[in-house]
Amino acid sequence: MNEALLLRTATFAANAHRFQRRKDSDATPYINHPLGVADLIANVGGVQDLVVLQAALLHDTVEDTETSIDDIRLEFGEDVANIVAEVTDDKSLTKLERKRQQIEHAMQASKQAKLVKLADKLYNLKDIQKSIPSSWTVERAQAYFGWSQEVINQLRGTNEPLERELEKVLGGVITHNGHQIPCLPPGYQPGDWEKNTPSH
C-alpha cells in the first residue's frame, strides 16, 4: 500500500473539514469520523484496497465542504472520485428524499462504494449509541437506526465482518440520560423511520 498517498489523502480531508464538528455532546472534531470509517474498513472489514480507504477518508468532503468532485479527481484520480460521487447525497433534495434515495440506490452501488456505506453506517450508529446528538429526541435516534437498517439490508453480502458488527449494533441499546433504550423500537416496520425524521 502507498502509505504516503494515504497520508496525503488524510491531510486533504482534515483540511477540508477543519472548521467542522460532530453533532455528539462533546462536539468532537469532524475529521474523527472519516478517519474512523477508513479504520473500520481496514481493521474490521479487512480491506486493504488503497482506493477504497482514500474514498472513505474523503467520503463527506463533497457533501459537507466546499470541495468538488473535480477537486477530488484532480488530486486523487478518477477511481477515488467515482466512489466519492457514489456516496455523496444530492443536497438540492429534502432530507427525507435524500434518505429515500439512499435506500433505493444502495443495491446498485459498486462494491467499493458499498464498503464505504457500511463502515459509515457502523461508525455513525456506534456514535449515536453512546451519545444522541443534543438536538435529537430518542425517537429521532431510533428512526435513524431504522432507516440505517433499511440501507444496510440493500448492502448485504458485501463484507461479512462489517455486517456482523452492524447486526450487533442494531440489536443493541442506546444509552441516554442513564437509561438503556432499544436501538430499534419493538414492532419496527420498514418506512417507520419517516415518522420521526425531519423533512429538511
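**Pockets and helix packing**

Reply: The largest pocket has a volume of about 870 Å³, counted as the space filled by probe spheres set on grid points joined across faces, edges and corners. The model is predicted: local features need pLDDT of at least 70, side-chain atom pairs count only at pLDDT 80 or more, and totals for chains, interfaces and linings use all residues. Residues are numbered from 1 along each chain as its sequence is written, and side-chain values use heavy atoms, with hydrogens and water left out.

Me: What makes a residue part of the lining of the largest pocket, and which lie nearest its centre?

Reply: A pocket is an open set of points on a 1 Å grid over the protein atoms alone, where a 1.4 Å probe fits, with protein on both sides within 12 Å along at least five of seven lines; a lining residue has an atom within 4 Å of a point. For the largest pocket, 33 residues pass. K23, Y30, E63, N124 and Y144 lie nearest its centre.

Me: Which helix gives the most to that lining?

Reply: α8, with seven residues. Helices here are DSSP runs of H or I, at least four residues, numbered from the N terminus. At least two lining residues come from each of α4 (61-64), α7 (95-106), α8 (111-130) and α9 (138-153).

Me: How many residues of the lining are charged?

Reply: 17, against nine nonpolar and seven polar. Asp, Glu, Lys and Arg count as charged; Ala, Val, Leu, Ile, Met, Phe, Trp, Tyr, Cys and Pro as nonpolar; the others, Gly among them, as polar.

Me: What lines the second largest pocket?

Reply: Its volume is about 200 Å³. The lining includes E86, D89, R98, Q101, H105 and K117. α7 supplies the largest share, five residues. By class, the lining has three nonpolar, four polar and five charged residues.

Me: Why are α8 and α9 called roughly antiparallel?

Reply: Their axes cross at roughly 160 degrees and come within 11 Å. Axes are lines fitted to C-alpha atoms over the stretch in contact, and angles run from 0 to 180 degrees between N-to-C directions. Over 145 degrees counts as roughly antiparallel. α8 and α9 are therefore roughly antiparallel.

Me: Which residues make that contact?

Reply: Contact means heavy atoms within 4.5 Å. From α8 come L118, K121, N124, L125, I128 and Q129; α9 brings A141, Y144, F145, W147, S148, V151 and I152. They divide into nine nonpolar, three polar and one charged.

Me: What makes α9 and α10 roughly antiparallel?

Reply: α10 covers residues 160-170, and its angle to α9 is about 155 degrees, with the axes 11 Å apart. The two are therefore roughly antiparallel. Their crossing is left-handed. F145, Q149 and I152 of α9 meet L166, V169 and L170 of α10. That contact has five nonpolar, one polar and no charged residues.

Me: How do α1 and α5 pack?

Reply: α1 (residues 3-16) and α5 (residues 69-76) pack at about 155 degrees, axes 12 Å apart. α1 is therefore roughly antiparallel to α5. This crossing is right-handed. L5, R8, T9 and F12 of α1 touch I72, E75 and F76 of α5. Four of these residues are nonpolar, one is polar and two are charged.

Methods
Angles under 35 degrees count as roughly parallel, over 145 as roughly antiparallel, 65 to 115 as roughly perpendicular and the rest as oblique. A crossing is left-handed if the near helix is turned anticlockwise from the far one by less than a right angle, and right-handed if clockwise.
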